[in-house]
Amino acid sequence: MISKGMKISPSNGKLGVVIPGMGAITSTFIAGVEAIKKGLAKPIGSLTQMGTIRLGKRTDNRVPAIKDFVPLASLDDLVFGGWDIFSDNIYQAGIKAGVLEPTLLDKIRPQLEAISPWTAAFDRAYVKRLDGTHVKKAANKMELAEQIQDDITIFQKRNNLTRTVMVWCASTEIFLKQEAVHATIESFEQGLLKNDPAIAPSMIYAYAAIKAGIPYANGAPNLTADIPALTQLAKDRGVPICGKDFKTGQTMMKTILAPGLKSRLIGLNGWFSTNILGNRDGEVLDDPDSFKTKEESKLSVLEHILQPQVYPDLYSNYTHKVRINYYPPRGDNKEGWDNIDIFGWLGYPMQIKVDFLCRDSILAAPLVLDLVLLLDLAQRCGMAGIQEWLSFYFKSPMCAPELYPEHDLFIQLMKLKNTLRYLKGEELITHLGLEYYD
Ligand SMILES: NC(=O)c1ccc[n+]([C@@H]2O[C@H](COP(=O)([O-])OP(=O)(O)OC[C@H]3O[C@@H](n4cnc5c(N)ncnc54)[C@H](O)[C@@H]3O)[C@@H](O)[C@H]2O)c1
């Protein structure tokens, strides 16, 4: 299939990146970009910076870098701002997070110290393990949204920005279900005015962004923009949105392994996943209400990949458990264990053990960069509403209500690359390949 390609407006001028939550991921992301700009390190893990895309036939030998194929903003044009309930600047946040070496942070210290968070829209009722004083005061949630928009407008003017993107990198909130107030933009705006408890702070930021025409990505599992009021607002305003919950450590491994097992029709009796981590994220997730939000996100992937309704003999009866244990000595260096009980030919049981000693923010930072650049590209192509082609980055991908989400990492990557080909009017790659044997 060949499209005519989309009209893509150029990426002239500066791109603002506004981030609710300036903790471990955000400091690792911003410091990383600054280090890369100075030639101190390479953007490992970033598809937009290091990935390539095959065009045409395998015999054509056309494999450009993605960043040469589609017009992405350059790293030099990114300007960072954001909000937090603590007033630490990005240098201090980076030192506290303990992800990057102080020797690296010191080399870019002036750039990092220049970024201090604005006061946050925060309510302890939604993140019970945190308390901060660097917070906004307002009569109602609508006023909070207006204050967030004011922060963004001042930032845009001061830095002479042509475009802005928002990525939620703040803590995981308590589990919320969709309610009547989330159904339409009218009910949602009424809810903001009436301080409806079903509207969490993350929703106030997302509303402020979408209303202002700013693309929005949700890096946490919170419900946030995954409600009809905000998905419709995004469509109406020409704003691309995506989420939820960055797919990094254990779940990334799960969505690599599970499609492999399913491809070979290997059955599953159980998948037990446990983690120890000691960063602030781990502390927040130690609260059962925040953990419930994360648990729902982490549990959903296997069900959708393995399709028990289609393969009842293989997948109708497995046990899936996920645990997260807050264990301060490990800091951001999480350890994730998986015990996978599988069965093969004639039902004979086997086991797989995975022990992933990962670094949470090191895995997440390149995803933030890609999402910023790809959401900005999407908006310049005129794409609005849910961007399912960005599922590649998420544990709980947002998709149209009548669809089930696609979790298989390799299908997600194919979808992403085919979308880029489509945008540029290149032939989509189906991997059929019969033409080579004609
Ligand atoms: N690191 C990963 O691999 C990964 C993967 C998927 C999802 N996530 C999610 O990404 C988010 C960020 O992770 P992190 O490791 O950087 O956590 P972190 O605790 O280091 O940083 C989050 C920051 O958000 C701030 N915050 C909380 N509520 C806020 C609000 N309403 N407004 C503004 N700031 C607020 C906190 O003060 C904190 O500084 C978490 O929700 C986490 O669950 C992380």
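Of the 35 residues around the ligand, which come nearest? They are Gly21, Gly23, Ala220, Thr248 and Arg280, where a residue is near a molecule or strand if its C-beta atom, placed from the backbone, lies within 6 Å of it. Several elements give two or more residues to this shell: helix 1 (24-37), strand 2 (78-84), helix 12 (280-285) and helix 15 (360-380). Helices (H or I, at least four residues) and strands (E, at least two) are DSSP runs, numbered from the N terminus. Helix 15 gives the largest share, 4 residues.

A word on the model itself. It is predicted, so to speak of a local feature takes a pLDDT of at least 70, side-chain atom pairs count only at pLDDT 80 or more, and totals for chains, interfaces and linings use all residues. Residue numbers start from 1 along each chain as its sequence is written.

Back at the ligand, the shell splits into 20 nonpolar, 10 polar and 5 charged residues. Here Ala, Val, Leu, Ile, Met, Phe, Trp, Tyr, Cys and Pro count as nonpolar, Asp, Glu, Lys and Arg as charged, and the others, Gly among them, as polar. Domain 1 (14-246 + 361-423) and domain 2 (250-357) both supply shell residues, so the ligand lies between them; the domain bounds come from an automatic or database domain assignment.

Most residues other than glycine have a negative phi, and most peptide bonds are trans. Gly243 and Lys244, however, are joined by a cis peptide bond, with omega at about -10 degrees. Lys244 sits in the loop between strand 6 (240-243) and helix 11 (250-263).

Two non-glycine residues have a positive phi: Asn195, near 55 degrees, and Thr224, near 40 degrees. Asn195 is in the loop between helix 8 (185-193) and helix 9 (201-211), and counts as partly exposed because it has 14 C-beta neighbours inside 10 Å. Thr224, in the loop between strand 5 (216-218) and helix 10 (228-237), counts as buried because it has 25 such neighbours inside 10 Å. The cut-offs are 20 or more other C-beta atoms within 10 Å for buried, 12 or fewer for exposed, and partly exposed in between, with C-beta atoms placed from the backbone.

As for the whole protein chain, there are 16 helices and 11 strands, and buried residues make up 47% of the 438 residues. The C-alpha atoms fill a box of roughly 65 × 50 × 50 Å along the principal axes.
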